[in-house]
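Here are my notes on the model, point by point. Please read them with the structure open.

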Amino acid sequence: MANKGPAYGLSRECIQKTQAKFDMESAMEALDWIEAVTGAPLLPEDGGIYDNQLQVQEKIKDGEALCDLINTIAPGIIRKVNRSKLPFKQMENIEMFLTACRNYGMKEVDVFQTQDLYEGKAMYIVINCIHTLGSLARKNDFDGPVIGVKIADENTRHFSDEQISEGKKVISLQYGYNQGASQKGMTAYGMTRHM
């Protein structure tokens, strides 16, 4: 990560707010899942937890574990994972992971940006993306370990013409009728209220 010096004022408040959203328990759960799926050693050897989000970032910053993860879930979705320690190759790994997530069905709002991980700008978004990927894997019947909530299946309802016409007979509250409620007695604009 580039040394940008200390932040002051609004910038510092934004950084503190972003760092406050990071949840170490959720991050450890995500790393444990990646380790269980890929076999890559990501958790501390002593079985404890990391002290801060920078330690979590360092474990997945090169993008290799993430690429291996998505390749295990959806084989062949990333053709070649870069094993180089050059920064642009590591960022390329992260970008390939993000593209693979989009192709796997992840919504754009759930995908993080490369600098969120590589520069550690918003690690909570990275962890949320991993949890969302776990949810997608569960929905797409991945037979390995899973993480995240189960995404609901679409439940399309079909109504007959008779049911639709019956529904049109009901006057809802959106039509402005609520047991006689009106604006009668309200003070008109520009008038003073008499107490």
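1. Glutamate 25 sits in helix H2. With a relative accessibility of 65%, glutamate 25 is classed as exposed. On the surface, Asp23, Glu25, Glu29 and Asp32 come together as a patch of negative charge. Note that the model is a predicted one.

2. Serine 26 is also part of helix H2, which covers residues 24-38. Serine 26 has a relative accessible area of 16% and is therefore buried, the cut-off being under 20%. Beyond the neighbours within four places in sequence, the contacts of serine 26 are Ile127 and His131.

3. Methionine 123 belongs to helix H7, residues 123-139. Its relative accessibility is 2%, so methionine 123 counts as buried. Setting aside neighbours within four places in sequence, methionine 123 is in contact with Phe22, Gln53, Val56, Gln57, Ile60, Asp116 and Leu117. For one of these, glutamine 53, the C-alpha to C-alpha distance to methionine 123 is 7.0 Å, while the two are 70 residues apart in sequence.

4. How many salt bridges does a search of the whole structure find? The search gives 8. Side chains of opposite charge can pair when their charged atoms come close.

5. Aspartate 68 has a relative accessible area of 23% and is partly exposed; arginine 83, at 48% relative accessibility, is partly exposed.

6. Arginine 102 forms a salt bridge with glutamate 95, with 4.0 Å between the closest N and O atoms. Arginine 102 also meets glutamate 108 in a salt bridge, at 2.9 Å from N to O. Arginine 102 is partly exposed, at a relative accessible area of 30%. Glutamate 95 is partly exposed at 35% relative accessibility, whereas glutamate 108 is exposed, with a relative accessible area of 52%.

7. Leucine 86 is located in the loop between helix H4 (64-73) and helix H5 (87-104). Its relative accessibility of 43% makes leucine 86 partly exposed. Together with Phe88 and Met91, Leu86 forms a nonpolar surface patch, and the accessible area of the three together is about 280 Å².

Notes:
Residues are numbered from 1 along each chain as its sequence is written. This is a predicted model: local features need pLDDT of at least 70, side-chain atom pairs count only at pLDDT 80 or more; totals for chains, interfaces and linings use all residues. Side-chain values use heavy atoms; hydrogens and water are left out. Helices (H or I, at least four residues) and strands (E, at least two) are DSSP runs, numbered from the N terminus. Buried means under 20% relative accessible area, exposed over 50%, partly exposed in between (1.4 Å probe, protein chains only). Contact means heavy atoms within 4.5 Å. Patches are made of residues with over 30% relative accessible area and no salt bridge: like charges are joined within 9 Å, nonpolar side chains (Val, Leu, Ile, Met, Phe, Trp, Tyr) within 5 Å. Accessible areas come from the Shrake-Rupley method with a 1.4 Å probe; for residues, only the protein chains shown count as cover. A salt bridge is a side-chain nitrogen of Lys or Arg within 4 Å of a carboxyl oxygen of Asp or Glu. Lys and Arg count as positive and Asp and Glu as negative; His and the chain ends are not counted. The place of a charge is taken as NZ of Lys, CZ of Arg, CG of Asp or CD of Glu.
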